[in-house]
Amino acid sequence: GAGLGCSSNLPCVSSPPGTDQWHTPWDGAMAVTAPRSTTFYSKAGDLIVASEDHAKTFGRANEIDVPGWTFSSGLFAASGDLLVVPIIATVTPLAATCPCLGVATSTDKGATWSAQVIAQAGEFNPSGTGDTAHYPFAAADPKHAEKYAVAAYTPDRKSMQVFWTEDDGDTWNNAAVGPVTVTDTVARAGKIAVGYTSNGKI
C-alpha cells in the first residue's frame with residue numbers, strides 16, 4: 001500500500017517510498033478472536049486494538065505497557081475477556097534475574113495490563129532468532145480463561161518447553177519434550193507452537 005505518506009519529520013527514505021515501519025504501523029500484525037466473546041483483536045508491535053463488529057471497525061489502539069517493566073512481546077492469545085501476551089522482559093520491578101519469560105494480561109481489551117514472571121534467565125532461551133513467527137508463543141483454553149500456556153525454547157535451544165497455569169497465573173507448571181532417539185544431531189529447534197484442544201488439553 002501507499003502507507004501513511006511522508007512528512008518533514010518522517011521523510012521517505014525507504015524503497016519503495018512509504019514502506020518504513022512508521023509508514024506501515026500495522027505491518028506484521030497478528031489477530032485472534034476470543035472464544036466465548038464477540039471480540040476480535042489485532043496486535044502489531046506493542047499496540048493492540050479490539051473490534052466488536054467482526055473487524056469492520058476498531059476501537060482505540062492501546063499500548064501493551066506495564067509500569068516498571070521493559071519487554072518485547074510475542075504471539076498472543078485470548079479467551080473470554082482475557083488477553084494473554086507472552087513477554088521477554090529485560091527489566092522488572094521484581095527480584096528476578098532477566099532476561100525473564102513472562103506474561104502480560106488484560107481483562108479490559110488492553111486498556112490496562114499486569115505482568116508476572118514465569119521463568120528467569122537460564123531457565124529458557126530468550127532468542128527467537130531465525131524464526132519467522134513472533135516469539136514466545138501463548139495459547140488460552142477456549143472454555144476457561146484462567147487456563148493459559150506459554151511455549152518457549154529450552155536453554156540450549158535444542159527443544160521446546162511449555163509453561164502453563166490453571167489459576168490465572170497464581171501457580172505455574174512446566175514440561176519439556178522428553179528425550180527422543182535421533183540419528184542426527186539437533187543443532188537448533190525452531191517453529192515451535194502451543195495450543196489448546198476444545199476439551200482443555202494442551
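I take buried as under 20% relative accessible area, exposed as over 50%, and partly exposed as in between, with a 1.4 Å probe and protein chains only. This is a predicted model, where local features need pLDDT of at least 70, side-chain atom pairs count only at pLDDT 80 or more, and totals for chains, interfaces and linings use all residues. Residues are numbered from 1 along each chain as its sequence is written, and side-chain values use heavy atoms, with hydrogens and water left out.

Entry: disulfide. I looked for pairs of cysteine sulfur atoms within 2.5 Å. The structure holds one disulfide. C98 and C100 form it, with their sulfur atoms 2.2 Å apart. The torsion about their S-S bond is about -95 degrees, so the disulfide is left-handed. C98 is partly exposed, at 24% relative accessible area. C100 is buried, at 1%.

Entry: nonpolar cores. I count buried Ala, Val, Leu, Ile, Met, Phe, Trp, Tyr and Cys residues joined through side-chain atoms within 4.5 Å. The largest core has 28 residues. L101, F124, Y135, A151, I192 and V194 have the most contacts inside it. I listed the elements giving two or more residues to this core: β7 (82–91), β8 (100–106), β9 (114–119), β10 (137–140), β11 (148–153) and β12 (160–165). Strands here are DSSP runs of E, at least two residues, numbered from the N terminus. β11 gives the most to this core, six residues. Apart from this core lies another, of 18 residues, including V32, A34, I48 and F76.

Entry: V194. I took contact as heavy atoms within 4.5 Å. Leaving aside neighbours within four places in sequence, V194 touches F137, A138, A139, A149, A151, V162 and I202.

How values were computed. Helix = DSSP H or I, 4+ residues; strand = E, 2+ residues; numbered from the N terminus.
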